[in-house]
Amino acid sequence: MLPINKKQPGSWREALKIVGKCPICSAEYKTEHARLFAKKESANLVHICCGKCQSSMLFMIMIMGQGLSSVGMVTDLSFEDASRLYSAREITLDEVLEGHDLINTDQFIFEVKK
Ligand SMILES: [Zn+2]
């Protein structure tokens with residue numbers, strides 16, 4: 001956990017110091033490429049696009065007491081996709097099972113073409 005900067009207490013942008021570099025090309029992230037798409041209590045969901053290789057990451061940045069913590073993953077989602085899908089309805093277990101069954105039928109390619 002990284003101590004919070006006294007000048008910017010509680011800022012999710014402070015966590016970019018933890019994130020630091022793009023995991024794909026190692027270029028330094030620039031704060032202007034990071035955008036907040038959701039916030040709930042101490043958790044901030046941030047999308048960042050690398051200025052060099054254009055790969056994207058999603059981070060959950062948590063501001064807790066005297067420090068910050070973050071977890072991230074590489075994504076192919078744009079900022080707009082992340083914002084839209086965050087508020088979308090969750091898929092159900094039945095829908096997942098139905099999709100699995102559909103993939104394993106001879107009709108799958110015809111269903112996809114619809
Ligand atoms: Zn990169």
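Colleague: Leaving aside its neighbours within four places in sequence, which residues is leucine 16 in contact with?

Modeller: This is a predicted model, in which local features need pLDDT of at least 70, side-chain atom pairs count only at pLDDT 80 or more, and totals for chains, interfaces and linings use all residues. Residues are numbered from 1 along each chain as its sequence is written. Two residues are in contact if their C-beta atoms, placed from the backbone, lie within 7 Å. With the neighbours within four places in sequence set aside, the contacts of leucine 16 are Tyr29, Thr31 and Ala34.

Colleague: In what order do the elements of the protein run from the N terminus on?

Modeller: Helices (H or I, at least four residues) and strands (E, at least two) are DSSP runs, numbered from the N terminus. The protein has four helices and five strands. From the N terminus on, their order is β-α-β-β-β-β-α-α-α.

Colleague: What is the radius of gyration of the protein?

Modeller: The radius is taken over C-alpha atoms, and the globule rule is 2.2 Å times the number of residues to the power 0.38. Along its principal axes the C-alpha trace spans about 60 × 30 × 20 Å. The globule rule gives 13 Å for 114 residues, and the protein is more spread out than a compact globule because its radius of gyration is well over that value, at 18 Å.

Colleague: How much of the protein do buried residues make up?

Modeller: Of the contacts with a separation of 6 or more, 40% join residues 24 or more positions apart. Among the 114 residues of the protein, the buried ones make up 15%.

Colleague: Which residue in the turn between strand 2 and strand 3 has a positive phi?

Modeller: Strand 2 (residues 34-40) pairs with strand 3 in the antiparallel sense over six bridges, pairing being called when DSSP finds at least two bridges between two strands. Alanine 38 has leucine 45, in strand 3, as its bridge partner. Most residues other than glycine have a negative phi. The two strands form a hairpin with two residues between them, and the turn residue with a positive phi, about 55°, is glutamate 41.

Colleague: Is glutamate 41 buried or exposed?

Modeller: Glutamate 41 lies in the loop between strand 2 and strand 3. Because 7 other C-beta atoms lie within 10 Å, glutamate 41 is exposed.

Colleague: What distance separates the C-alpha atoms of histidine 100 and glycine 67?

Modeller: Histidine 100 is placed in helix 3 (residues 93-103), and it is exposed because 9 other C-beta atoms lie within 10 Å. Histidine 100 and glycine 67 are 33 residues apart along the chain, and their C-alpha atoms are separated by 42 Å.

Terms used. A residue is buried if 20 or more other C-beta atoms lie within 10 Å of its own, exposed if 12 or fewer, and partly exposed in between; C-beta atoms are placed from the backbone.
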